[in-house]
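Here is a walk through one model, taken part by part. Keep the sequence and the 3D view open as you read.

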Amino acid sequence: MSVLHIVNKSPYDRYSLDTCLRLARPDSAVLLIEDGIYAALKNAAASERVQQALENHQIYALEPDLQARGINPDNMIDGISLVDYDGFVKLTTDYDKSQSWL
Amino acid sequence: MATKKFLYINRKAPHGSIYAQESLEVVLIAAAFEQDVSLAFVDDGVYQLMQNQDTAALGSKNFSPTYRALGDYEVNKIYVEQESLELRGLAKDDLMPLVYEDEDDDWAEKDSIHVVSSAELAEIIEQQDVILNF
Amino acid sequence: MAIELGGKTYETDEEGYLVNLADWNDELANEMAKADGATLDENHWEVITFLRDYYEEYQIAPAVRVLTKAIGKKLGKDKGTSKYLYELFPYGPAKQACKYAGLPKPTGCV
């Protein structure tokens, strides 16, 4: 499989998410970690962009980072899959390479 | 040593942090080991290639002229994302000219900078063996 | 470390590279060579001058591969070989010549 794009910055702090989505090919996946998690929330300014991206990409969110930030999975955009640390490791091996949008 | 395709993605403005200078140094080291090196300038990274940068009054080292040495190191695939330029009101003319001499074409001087669309850059990212972010 | 010359002290790093680029002069280069048991002739000076010009323009000391190619282009094909440059500077052309030229040790140097 192609590229796993990793975003660890809040969509309201930097362009990392926007740039990632602009440069991610349709068959690539996106993993939200650390403050990148905030992009997974419903009813926020970035929600529509993420919802649109779900049409072309698998989007994952790292559950421990979600829990750490007090985010209830019910408030997450539908279609985003949760992964734990093992799942994170598996993703990095399932895809040919990872690209971190620092 | 097998040659690998290295892409360095530069997304930070040049003088506010050490990223740009560090990236350039790592690029030159990797190029000295004859790897297949490409550079991409995205987001604020496009500011790294602005013409007429002068850090004399800052009292810090001006590494801006060093980009012009990249051609000597056979680093001649320099991709600048069109969208990032446009968002900042910039065009290719605002960037410093970077050239190389093509050994296979009687040392003709050629342009190293390629302004590419997001879709083109997405393809380039896909073709790499190693991607490094600065 | 430091070099004493003509009643002046020039600061160097632990490998003998000049700390301040602006301190450099011809006598200092000769003095550094003498300490290595070498004498600089016009062929050495061609390379040293080339390195200083390169640094002035690009703000880096070139890697040996780049140096070799550029010397060949500027000073003639017979001089653009690692054999020629290693004969002039047996401790490594980029490393040793840069030291005499008062430049920092080259990035990724040999």
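**A hairpin in chain B**

Strand E4 (residues 99-102) and strand E5 (residues 108-111) of chain B run antiparallel and are joined by 4 bridges. Two strands count as paired if DSSP finds at least two bridges between them. Helices and strands here are DSSP runs, numbered from the N terminus: helices are H or I with at least four residues, strands are E with at least two. Within this pair, Tyr100(B) stands opposite Lys110(B) of E5(B).

A word on the ground rules. This is a predicted model, in which local features need pLDDT of at least 70 and side-chain atom pairs count only at pLDDT 80 or more, while totals for chains, interfaces and linings use all residues. Residues are numbered from 1 along each chain as its sequence is written, and chains are lettered from A and ligands numbered from 1 in the order in which they are written.

Back to the hairpin. It has 5 residues between its strands E4(B) and E5(B). Asp106(B) sits in that loop. Its phi is positive, about 55 degrees, although Asp106(B) is not a glycine. Most residues other than glycine have a negative phi.

Asp43(B) also has a positive phi, of about 50 degrees, and is not a glycine either. Look for Asp43(B) in the loop between strand E2 (36-41) and strand E3 (77-81) of chain B. Is Asp43(B) buried or exposed? Asp43(B) counts as buried because it has 23 C-beta neighbours inside 10 Å. Asp106(B) has 7 such neighbours inside 10 Å, so Asp106(B) counts as exposed. The cut-offs are these: a residue is buried if 20 or more other C-beta atoms lie within 10 Å of its own, exposed if 12 or fewer, and partly exposed in between, with C-beta atoms placed from the backbone.

**Chain B as a whole**

Now step back. Chain B holds 3 helices and 7 strands. From the N terminus on, they run β-α-β-β-α-β-β-β-α-β. The C-alpha trace of chain B spans about 40 × 30 × 30 Å along its principal axes. Buried residues make up 38% of the 134 residues in chain B.

What radius of gyration does chain B have? The value is 14 Å, which agrees with the value near 14 Å for a compact globule of 134 residues. The radius is taken over C-alpha atoms, and the globule rule is 2.2 Å times the number of residues to the power 0.38.

Contacts tell more about the chain. Two residues are in contact if their C-beta atoms, placed from the backbone, lie within 7 Å. Among contacts in chain B with a separation of 6 or more, 76% join residues 24 or more positions apart.

**The sheet of chain A**

Turn to chain A. Its open sheet has 5 strands in the order E4-E3-E2-E1-E5, with parallel pairing. Strand E4 (81-83) and E5 of chain A are the edge strands, and each pairs on one side only. From one strand to the next, the twist averages 30 degrees.

Strand E1 (residues 3-7) of chain A pairs with E5(A) in the parallel sense, over 5 bridges. There, Gln99(A) in E5(A) is the bridge partner of His5(A).

H1(A) touches E1, strand E2 (29-32) and E5 of chain A, and its direction makes about 165 degrees with that of E1(A). Helix H4 (residues 85-94) of chain A touches E1, E2, strand E3 (59-62), E4 and E5 of chain A. The direction of H4(A) makes about 105 degrees with that of E4(A). Axes are lines fitted to C-alpha atoms, for helices over the stretch in contact, and angles run from 0 to 180 degrees between N-to-C directions.

**Where the chains meet**

Chain A meets chain B through 12 residues, in contact with 10 residues of chain B. Helix H1 (16-23) and strand E5 (97-101) of chain A each supply at least two residues of that side of chain A.

On another face, 11 residues of chain C are in contact with 13 residues of chain B. Helix H2 (42-58) and helix H3 (64-75) of chain C each give two or more residues to the side of chain C that touches chain B. H3(C) gives the most, with 3 residues.

**Two helices in chain C**

H2(C) and helix H5 (residues 93-100) of chain C pack at an angle of about 80 degrees, with their axes 9 Å apart. They are therefore roughly perpendicular to each other. Angles of 65 to 115 degrees count as roughly perpendicular, under 35 as roughly parallel, over 145 as roughly antiparallel and the rest as oblique. Val47(C), Ile48(C) and Leu51(C) of H2(C) make the contact with Ala97(C), Cys98(C) and Tyr100(C) of H5(C).
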